[in-house]
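Welcome, and please open your viewer. We will go from stop to stop, selecting a few residues each time.

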Amino acid sequence: AIGRLTEIRDLFPGYTKIATVAEELGKYQTSLAQKTDKDAKVLFEKAELMEREGKPEAAQDLYVQIEKNYPETDWAKQIAQFKPALQKSIREKSSEQLLTQVRNYDVTTQYKDIVNLIEQIQRGYGDTDTVAQNADSLASLNKKAQAQLYRAVAVELEGLGRALILL
């Protein structure tokens, strides 16, 4: 709904009921922000409870969820500001999860996903110990995926060339 209302507002600024559209858009955006903040707060409070109960791993998993799913909330910013050691640990864990994910892809069929995810890992987590320790294996996997991508493009171009010849 937010996307549609934004589109209407941007595409039809002279629309006679644009004030109504803008008002509805504002309501939806406010409602979404409130729900997002509430969800992040619930997770943050659960994480703090886990820390008090001596379950740091469970707390860390919840903090990771907050950082990934609610990065624009004050709760995510609070994690980054007040818990730098935790923030580093979260980034390490996130990079480990992404590395596991990219390694589970099939290089013969999911080469585009591999190339994109490796780029995301290097851009977003290049400063982590996990990425540094796995740099060689990431480079090797990236080369294999790039090669597969180039093969696929070559096959596609060959097919287009044959189609042009037949014309």
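Start by selecting Phe44, which is buried, with a relative accessible area of 2% (buried means under 20%, exposed over 50%, partly exposed in between, with a 1.4 Å probe and protein chains only). A word on what you see: this is a predicted model, where local features need pLDDT of at least 70 and side-chain atom pairs count only at pLDDT 80 or more, while totals for chains, interfaces and linings use all residues. Residues are numbered from 1 along each chain as its sequence is written, and side-chain values use heavy atoms, leaving out hydrogens and water.

Rings of Phe, Tyr and Trp (its six-membered ring) pair if their centres lie within 6.5 Å; planes under 30 degrees apart are stacked, over 60 edge-to-face, the rest tilted. How are Phe44 and Tyr63 arranged? They are edge-to-face, 5.7 Å centre to centre with 65 degrees between the planes. This pair links helix α2 (residues 18-52) to helix α3 (residues 56-69); helices are DSSP runs of H or I, at least four residues, numbered from the N terminus. The rings of Phe44 and Trp75 have centres 5.1 Å apart and planes at 40 degrees, so that pair is tilted.

Next, select helix α4 (residues 74-82), where Trp75, Ala76 and Ile79 are buried. Asp74, Gln81 and Phe82 are exposed on the other side of α4.

Finally, go to Glu92 in helix α5 (residues 84-104). Is Glu92 buried or exposed? Glu92 is buried, with a relative accessible area of 12%.

Key: Helix = DSSP H or I, 4+ residues; strand = E, 2+ residues; numbered from the N terminus.
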